[in-house]
Amino acid sequence: MNNQASGRARRRRAEILRLLAGHPVRSQEELQELLSRRGFAVAQPTLSRDVRDLGLARTPTGYAAPPAPSPFVPGDRREEALDQALAKDALSVQAAGTLVVIRTPAAGAHPVARALDEAALPGVVGTIAGDDTVFVATPDAPSAQRLARRLGAPLAPARPIRRARA
């Protein structure tokens, strides 16, 4: 994605969050219409990706944005939530160069990535979550190895922690 496209995506996603804060939005079609009225022409597949990437939840009253991590929640509690998400959803953790790759069952990547983002661990530059894989960027290979060890700790012994082969 080029810089112009990523800027549009950021602005569109910020507008989606503003819309949800203002009133309930019951469907993606309604959200698409509201965005269109505000000058954001968006295709349905792109909107579905935005909904997924923003972590929106479908509730009985419509879509809801996840709560932002509270600055009042101590770091150790956020790390505990990360460990629980890893123990529940992670199948494997593998360092690969400057990345750490976390494999999950289908639809398990987003909760792990969100918990990882909220934990704000040192050495994490950013995360990208697909359906069953989380890519975690680190500044260098030694950081990736350290992070892979840290993230692999909560996994059951039967779940592998792998190192990339050179």
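**Close-up views of a predicted model**

The lining of the largest pocket comprises eight nonpolar, six charged and four polar residues. The legends below start with this pocket and then turn to single helices. The model is a predicted one.

**View 1. The largest pocket and its lining.** The volume of this pocket is about 520 Å³. Its lining counts 18 residues, and R13, D53, L54, H110 and T127 are the closest to the pocket centre. Four elements each supply at least two lining residues: helix 1 (3-22), helix 3 (44-54), helix 5 and strand 5 (126-129). By class, the lining holds eight nonpolar residues against four polar and six charged ones.

**View 2. Helix 5 and its buried face.** Helix 5, which supplies at least two residues to the lining of the largest pocket, spans residues 109-119. Its buried residues are A109, V112, A113, A115, L116 and A119. Down the helix axis, these buried residues fall within an arc of 165°, so they line one face of helix 5.

**View 3. The residue that follows helix 5.**

**View 4. Helix 2, buried side.** Helix 2 covers residues 28-37. Four of its residues, Q28, L31, L34 and L35, are buried. They span an arc of only 120° around the axis, so they lie on the same side of helix 2.

**View 5. Helix 2, other side and end.** E29 and R37 lie on the other side of helix 2, and both are exposed. Just after the helix comes G39, with a positive phi of about 90°.

**View 6. The whole chain, for orientation.** Six helices and seven strands make up the elements of the chain. Read from the N terminus, their order is α-α-α-β-β-α-β-β-α-β-β-α-β. The chain has 166 residues, and 33% of them count as buried. Take the contacts between residues at least 6 apart in sequence: 57% of them join residues at least 24 apart.

Methods: Residues are numbered from 1 along each chain as its sequence is written. This is a predicted model: local features need pLDDT of at least 70, side-chain atom pairs count only at pLDDT 80 or more; totals for chains, interfaces and linings use all residues. Side-chain values use heavy atoms; hydrogens and water are left out. Buried means under 20% relative accessible area, exposed over 50%, partly exposed in between (1.4 Å probe, protein chains only). Contact means heavy atoms within 4.5 Å. The arc is that of the directions from the helix axis to the C-beta atoms. On a 1 Å grid over the protein atoms alone, a cavity is a set of points where a 1.4 Å probe fits but cannot get out, and a pocket is an open set with protein on both sides within 12 Å along at least five of seven lines; lining residues have an atom within 4 Å of a point. Grid points are joined across faces, edges and corners, and a volume is the space filled by probe spheres set on the points. Ala, Val, Leu, Ile, Met, Phe, Trp, Tyr, Cys and Pro count as nonpolar, Asp, Glu, Lys and Arg as charged, and the others, Gly among them, as polar.
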